[in-house]
Amino acid sequence: MATSVISANLPPNIDPTKATMAYGNGALRRLNRELQDTENMLTRQKAVKALCDYLHDHEHVAAAIHEGIVVSLKSLLRDTDVTCRQLSTMCFYVISQHSVGREAILDTGTIEPLSALFEDAEDICRRNAHMAIEMLSEVPFGADGIVQAALVPKLIEKVKSEHDEIKEYILDTLHFCLIVNTQDALKAHGMEVFTSLLASNLATIRAKAARDIMDLSVPLDGKDKAVEVGTVPALIGLLGDNASAVRANAAGALSFIAVTTQGKYTALNADCVNPLLPLVNDPNSEVRVNALKVVTCLAEAPEGRKILTGHVEQIRQLESDEITNVRKHAEIAVRVITWRP
Amino acid sequence: MATALAQQPNEGNTYTFSSQPRAVPNRRKYRDQFAQQNSDEVPHHGNLMYDRRVIRGNTYSQHVLPAVAQPDPVEIQRQQEMRRRAMARKRAREQLRPKSPEAVEGRKHIDIQTELYLEELADRIEEADVQCQTDDFLDRPPSPLFVPAKSGEDKETQILDNELFNFDIEVKPILEVLVGKTIEQSLLEVCGEEELANLRAQQRAFEELRNAELVEQQRLEEQDRRHREEKARRVQQQREVQEKERETANKIAARAFAQSYLADLVPSVFGTLAEHGYFYDPVERDVESGFLPWLVDAVNTDIDSSVRARALLDGLLREVIRDRHTAYRALETRIEQQRMAEEDRRAMVDPSAAAASETQSQPRDEDENDAMANLEATGAPGDAPDADADDSAAAKEAEDAGDADAEGEADGEGEADADGGDGEDEN
């Protein structure tokens with residue numbers, strides 16, 4: 001028999017944590033108004049939650065920036081409520097996936113309040129903030145903005161103590177920042193920190209730390225610092241790693257360090273050649289290329305050439321590799337090894 | 001009893017069970033609430049489900065069976081004691097429970113029904129004549145809600161299925177919207193993530209190329225730098241060698257020059273020294289420095305004395321000449337007067353005096369010659385030119401003779417000249 005009982009439970013299709021959306025163009029206007037509601041925390045929470053899903057559409061991102069949502073979100077970053085903070089950082093992450101969004105974030109100077117959240121007590125807030133910053137750093141002008149905000153020393157300080165998940169984001173951010181500027185990181189003892197991270201349990205962290213070392217050793221100061229800190233033996237230890245990304249980045253970093261005479265001899269004294277030779281036939285092309293570059297650099301030193309002369313045949317086989325880049329660098333390597341004064 | 005009998009120790013390890021026959025007890029409809037309390041009277045079933053020796057559940061937490069079949073009398077006594085104590089405690093708790101106050105005099109409390117629907121209270125158990133073999137005793141189910149019998153009239157309307165509300169149809173659009181929205185949202189997010197992943201992959205591929213090229217570039221730079229340094233070093237070395245060679249050549253040349261220079265140094269030094277008179281004849285030097293000045297001095301004094309003597313002689317001569325001059329003047333005037341007197345006389349005597357005068361001139365010459373002769377005789381003006389010549393000769397001599405005394409000489413000479421001049425004028 002039909003009864004007219006109204007259930008106390010809400011229907012399953014309504015999310016009580018989300019604000020209801022106004023129709024069409026009014027949606028963002030209303031959300032923006034609700035975001036600025038300083039009276040009711042619940043309103044803000046609901047609005048920011050709804051916004052978080054709403055922003056996944058590209059068109060909505062542009063419209064939201066036009067509506068001035070970014071400014072409202074920026075003030076929401078300092079909210080006392082954890083949910084507001086973490087959802088607003090999430091919104092920034094979504095916004096920063098788009099070019100217009102990144103520009104808007106830089107224009108409104110949101111980097112500073114976002115970086116203030118690095119100190120937040122809540123893990124999720126910190127994680128989202130780092131995700132947003134990482135996404136921002138992927139383009140050169142974003143990385144430039146981060147470097148100008150002097151976040152690099154702070155990030156290096158953070159990478160020592162953060163959770164592993166957040167460490168990955170920080171290492172990514174630093175990677176992009178280091179392409180722009182390496183001096184700050186070198187001054188903040190970046191090389192020591194990255195070297196200590198090479199001993200991490202997680203393969204991704206090892207790979208990213210090795211990649212950051214590679215970025216850091218692009219200038220001459222970085223190479224000298226790497227030799228001084230003893231990064232080379234740690235990198236050589238990673239050449240036999242199980243993860244191909246780790247091998248590739250470790251070989252890449254070694255190739256940069258081995259450019260200088262000092263770096264070459266440090267690598268040769270640490271017996272770099274033996275673990276390196278199997279990498280020349282690695283299934284991953286990046287590993288092959290980087291290993292070939294290390295071989296090329298080491299072959300410039302007379303001692304290295306003497307050792308490598310016995311393995312020319314192995315490298316010569318790569319001259320018929322299916323990847324152009326590998327072929328090219330194999331030819332260079334063979335030329336350098338067989339060079340006679 | 002039955003259970004006790006069952007626990008016969010057996011030689012074999014197989015479990016056997018035996019039980020004495022007994023009457024089926026009177027069964028009740030519901031489980032007796034107090035059955036547990038006097039469970040001793042209730043015979044045990046030979047049901048494996050309740051057999052304590054069959055282990056059920058987790059064997060880790062099993063209770064250990066007593067070692068002996070018969071329970072320990074002390075243990076039994078203790079258990080009874082505990083049970084008694086529990087009863088006493090329960091009783092005491094019941095007494096302590098708050099109760100309604102005692103009834104007033106002449107009244108007494110009775111139990112009445114206060115429920116909404118009254119019913120006869122009877123303790124009589126319904127004896128039904130139904131027999132069935134239940135599987136198991138069930139807990140008594142809760143009494144269903146009592147609904148009193150309906151009164152009044154009933155009206156009915158027949159509504160067939162799907163006539164008013166078809167859930168499937170009604171729910172379809174809503175469900176479609178919901179699913180569509182969810183899928184759209186998730187699709188957007190997945191697309192975004194996929195795009196990011198693609199971008200990252202592309203970026204990684206690019207970085208692979210870029211890093212390799214960067215290393216190559218740096219390697220070449222480094223190589224170039226080393227070559228440059230090497231070249232600079234070589235050039236430097238070469239330059240040093242050249243410098244050294246030049247230095248050596250210079251040294252050799254200097255040495256040769258010095259040797260050749262020094263070779264004729266000694267003779268030239270001696271020559272120059274000899275030229276400059278460092279090697280001299282002592283006798284010659286003595287003559288030059290000691291004798292000659294003395295000689296000059298001596299000559300000077302000699303000449304001085306002769307000059308002085310001549311000056312003196314000049315004075316003497318001048319004196320004499322002046323005297324002679326005055327004497328001649330006087331003589332001349334006397335001669336003139338004589339002649340005048342003669343002429344006056346002649347003029348008075350003859351007119352042919354003219355011829356006479358010519359002849360007379362001769363005698364006057366003769367007179368004059370006579371006078372001259374007189375003068376010469378007295379030692380005479382004719383000497384004066386000689387003296388002059390002597391003077392000049394002496395001066396010339398003095399000039400030739402002395403260098404240093406030339407001035408002194410000149411004074412003397414000047415005087416001598418002046419004297420000589422005077423002498424000539426007067427002549």
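Start by selecting Asp271(A): this residue is exposed, with 12 other C-beta atoms within 10 Å. Burial here goes by C-beta atoms placed from the backbone: a residue with 20 or more others within 10 Å of its own is buried, one with 12 or fewer is exposed, and anything in between is partly exposed. What you are looking at is a predicted model, where local features need pLDDT of at least 70 and side-chain atom pairs count only at pLDDT 80 or more, while totals for chains, interfaces and linings use all residues. To find your way, note that residues are numbered from 1 along each chain as its sequence is written, and that chains are lettered from A and ligands numbered from 1 in the order in which they are written.

Stay on Asp271(A) and check its backbone. Its phi is near 60°, a positive value in a residue other than glycine. Most residues other than glycine have a negative phi. Asp271(A) sits in the loop between helix H18 (261-269) and helix H19 (273-276) of chain A. Helices (H or I, at least four residues) and strands (E, at least two) are DSSP runs, numbered from the N terminus.

Next, select Ala150(A). Phi is positive here too, near 55°. Ala150(A) lies in the loop between helix H9 (140-148) and helix H10 (152-161) of chain A, and it is exposed, with 12 other C-beta atoms within 10 Å.

Now show the whole of chain A. You will find 23 helices and 0 strands, and 48% of its 341 residues count as buried.

Switch to chain B, which has 8 helices and 0 strands. Of its 427 residues, buried ones make up 5%.

Where do the chains meet? In this model, 17 residues of chain B are in contact with 21 residues of chain A; contact means that the C-beta atoms of two residues, placed from the backbone, lie within 7 Å. On the chain B side, these residues divide into 7 nonpolar, 5 polar and 5 charged. Ala, Val, Leu, Ile, Met, Phe, Trp, Tyr, Cys and Pro count as nonpolar, Asp, Glu, Lys and Arg as charged, and the others, Gly among them, as polar.

For the last stop, select helix H20 (residues 285-298) of chain A and helix H3 (residues 167-263) of chain B. They pack at an angle of about 5°, with their axes 10 Å apart, so H20(A) is roughly parallel to H3(B) (angles under 35 degrees count as such). Axes are lines fitted to C-alpha atoms, for helices over the stretch in contact, and angles run from 0 to 180 degrees between N-to-C directions. Highlight Glu286(A), Val289(A), Lys293(A), Thr296(A) and Cys297(A) on H20(A), then Glu208(B), Ala212(B), Val215(B) and Arg219(B) on H3(B), to see the contact.

Definitions and conventions. Angles under 35 degrees count as roughly parallel, over 145 as roughly antiparallel, 65 to 115 as roughly perpendicular and the rest as oblique.
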